[in-house]
Amino acid sequence: MITKPKGTYDIFYQEASSWKKLEQTLTSFFAKWNVSYIRTPLFENSELFRRKNDFSEVVQKQTYDFTDKGGRSLTLRPEGTAGVVRAIIENKLYVDTHSNKFYYFGPNYRYERPQKGRFREFYQFGVEVIGDKNYLVDTEIIDMVHQLCVSLGLDVTIKLNYLGGLDTIKKYSDELKNYFTPLANELCQDCQQRLHQNPLRIIDCKIDSQKETITKNLPQLTSFYDSNTKEYFTNITKMLQTLNIPFIVDPLTVRGLDYYTDIVFEVISNKTGQTLAGGGRYDNLISELGGPKLGAIGFAFGCERILSEVEFIEDSDLDYYVLANPAEACYSYDIVSRLRKLNKIIKFDFSNRNFNKKLKDGLEQNPHYLIFIGTDEVSKKTVTIKDTKTTTQVTISKNEFINKLECETNV
Ligand code: AMP
């Protein structure tokens, strides 16, 4: 048997309905917030992700890279932002005043060690907002994240941190390098590498951030803020308080991808402690990728993690479940066919199986009505219909039943 690749999964039945429902909820949410849908390719030219100053694990170690038959170096997208930004630049969407907010939904690929909530193919949805740097835009994005969590029924904590601009990040990173260098032997292998490439990432390392000897005298990021930086962050937190949006400021929240500056945030589940989403401002990425000097901010949620937190139960949309014997198939299928022409959603079981088993399976599908067709119904040209909600049951003439439905649906 050929099995699915490691770190992937199949979805069907109830789980497939939950995914559909999640997508529907998102579609109507983003319509209300006037966010445009954008779809970009699953693979991009590798250079899009392999930028010279990105030392993040995702980009350095986890991408699925391949060379196509034309010798092009391509990469399955490990995240959504870079592709969306590439599309915005290439299609000059930044000159369109129509919309500067885009959302995406789709799979990403990372060569990670599969575990609970971590897959090699996983779905994210996210939003990117292009435009000038403004604390109102930052506040709106965090407001959107908060409202999304409410709409999805997620109980979360939003953690914020303010990294400042490239200057502040550079100064703080240098200070961290000085601080961590004498502790290098205590750092995990990844962090020993990070010490040279991106010391900021050491402070949110799952292993090292737990060691007291490492975090005890950690330099404080806030001491590197200038007055503008301080004011900007205060403006955001004040507005969030005015809007009653709950958040906590966490100086240890830095993001996994290296393009973030200024505001960064993470959404943590209060139920399981897992990280459901992350985001932040990335004012240098658009120009770095050849676009104009334009600010941007965005976030991404992991769909598998959302679906492991909340169950989306779809209302049954099955109108009729028809139970008949194979001997009555011709009479019964005529009814099925005529009901379908009236746009009714039908399932039927004309098998030879035990009646009680068929009935049990039918009820599990939660139809609005059951239709029974036996020898008696066929000989008298009737159907027996049971309303599964009220449990009332009637036997009526087949023609009367269809005619009534035709009148109701104005056919
Ligand atoms: P990131 O793009 O790394 O900032 O991740 C944003 C969100 O995507 C995370 O908070 C997770 O919910 C989700 N996520 C990231 N990587 C994976 C993965 N390998 N499997 C499942 N979900 C993931």
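This is a predicted model: local features need pLDDT of at least 70, side-chain atom pairs count only at pLDDT 80 or more; totals for chains, interfaces and linings use all residues.
In the side chain of Glu112, an N or O atom sits 2.5 Å from a nitrogen atom of the ligand. Backbone atoms take part too. An N or O atom in the backbone of Thr275 is 3.2 Å from an oxygen atom of the ligand, and for a backbone N or O atom of Leu276 the distance to an oxygen atom of the ligand is 3.0 Å.

Setting aside neighbours within four places in sequence, Phe301 is in contact with Leu276 and Ala277, and its other contacts include Gln124, Phe125, Val145 and Leu148. Phe301 belongs to the largest nonpolar core, which has 82 residues; together with Phe30, Phe125 and Phe180, Phe301 touches the most other members. Helix H4, spanning residues 135–151, supplies the largest share of this core, with six residues. Apart from this core lies another one of 17 residues, including Tyr331, Leu342, Ile373 and Leu405.

Now turn to an open sheet of three strands, which run in the order S2-S4-S3 with antiparallel pairing. Strand S2 (43–45) and strand S3 (64–67) each have a single partner strand, so each stands at an edge with one side left without a neighbour in the sheet. On average, neighbouring strands here are turned by 35° against each other, direction ignored. To see the pairing up close, follow S2 alongside strand S4 (residues 73–76): the two are antiparallel and joined over three bridges. There you will find Phe43 opposite Leu76 of S4.

Methods. Residues are numbered from 1 along each chain as its sequence is written. Side-chain values use heavy atoms; hydrogens and water are left out. A nonpolar core is a set of buried Ala, Val, Leu, Ile, Met, Phe, Trp, Tyr and Cys residues joined through side-chain atoms within 4.5 Å. Buried means under 20% relative accessible area, exposed over 50%, partly exposed in between (1.4 Å probe, protein chains only). Helices (H or I, at least four residues) and strands (E, at least two) are DSSP runs, numbered from the N terminus. Contact means heavy atoms within 4.5 Å. Two strands pair if DSSP finds at least two bridges between them. Axes are lines fitted to C-alpha atoms, for helices over the stretch in contact, and angles run from 0 to 180 degrees between N-to-C directions. A polar contact is a pair of N or O atoms within 3.5 Å; within protein, one must be able to donate a hydrogen and the other to accept it, and residues adjacent in sequence count only if both atoms are side-chain atoms.
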